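Reader: I would like to go through the pocket and the charged pairs of this model.

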Amino acid sequence: MSDRERLRTVIARELGQQVDALPDALSVRDAVPDSYALVELVLGLQERTGTRIDGETMNHVVSIGDLLDVFVTASGGTGSVEADRRAS
């Protein structure tokens, strides 16, 4: 599984959604309408990937695909995504 798909799995799990309910074209605001929940999601993704994404970069994130791209690029595609770390 690619880093991108691992991240999609993490996002789906965090949002209580099925992976296929989060296509790249889906608006982040439609997927996570609550701004507090979005902040928590981004912070959790940063923790899982060991990256830090600045606010300016996040201002350009519109879709789930954009969000995945930002985190895959920031993590360097090194396989540092820990999809199952919080699995219950």
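Predicted model: local features only at pLDDT ≥ 70, side-chain atom pairs only at ≥ 80, totals over all residues.

Reader: How many salt bridges does the structure hold?
Author: Side chains of opposite charge can pair when their charged atoms come close. The number of salt bridges in the structure is six.

Reader: By about how much of the helix are Asp3 and Arg6 separated?
Author: Asp3 is buried, at 8% relative accessible area, while Arg6 is partly exposed, at 25%. Both belong to helix α1, which covers residues 3-15. Because they are three residues apart there, the separation is about one helical turn.

Reader: How many residues apart in sequence are the parts that Arg4 and Asp24 tie together?
Author: The side chains of Arg4 and Asp24 form a salt bridge, 2.8 Å from N to O. Arg4 sits in helix α1 and Asp24 in the loop between α1 and α2, so the parts tied together are separated in sequence by 20 residues.

Reader: Which residues are linked with Arg4 and Asp24 in a network of salt bridges?
Author: Asp24 is partly exposed, with a relative accessible area of 32%. Besides Arg4 and Asp24, the network takes in Glu5, Arg8 and Asp69.

Reader: Is Arg48 buried or exposed?
Author: Arg48 meets Glu14 in a salt bridge of 3.3 Å, N to O. This pair links distant parts of the chain, 34 residues apart, with Arg48 in helix α3 and Glu14 in helix α1. Glu14 is partly exposed, at 40% relative accessibility. The relative accessible area of Arg48 is 3%, under the 20% cut-off, so Arg48 counts as buried.

Reader: With which side chain does the side chain of Thr51 make a polar contact?
Author: Thr51 is in the loop between α3 and α4, and at 13% relative accessibility Thr51 counts as buried. Not counting residues up to four places away in sequence, Thr51 touches Gln46, Phe71, Ala74 and Ser75. The polar contact of its side chain, at 2.6 Å, is with the side chain of Thr49.

Reader: Which element gives the most to the lining of the largest pocket?
Author: The largest pocket has about 240 Å³ of space. Two or more lining residues come from each of α2 (28-31), α3 (35-49) and α4 (55-59). With four residues, the element that gives the most is α3.

Reader: How many nonpolar residues are in the lining of the largest pocket?
Author: Among the lining residues are Val28, Leu38, Met58 and Arg29. By class, two of the lining residues are polar and one is charged. The nonpolar residues number seven.

Definitions and conventions:
Residues numbered from 1 in each chain as written. Heavy atoms only, no water. 1 Å grid on protein atoms, 1.4 Å probe; cavity = no way out; pocket = protein on both sides within 12 Å on 5 of 7 lines; lining within 4 Å. Points joined across faces, edges and corners; volume = space filled by probe spheres on them. Nonpolar A, V, L, I, M, F, W, Y, C, P; charged D, E, K, R; others polar. Buried < 20%, exposed > 50% of the residue type's maximum accessible area, 1.4 Å probe, protein only. Polar contact = N/O pair within 3.5 Å; in protein donor to acceptor, adjacent residues only side chain to side chain. Contact = heavy atoms within 4.5 Å. Salt bridge = Lys/Arg side-chain N within 4 Å of Asp/Glu carboxyl O.
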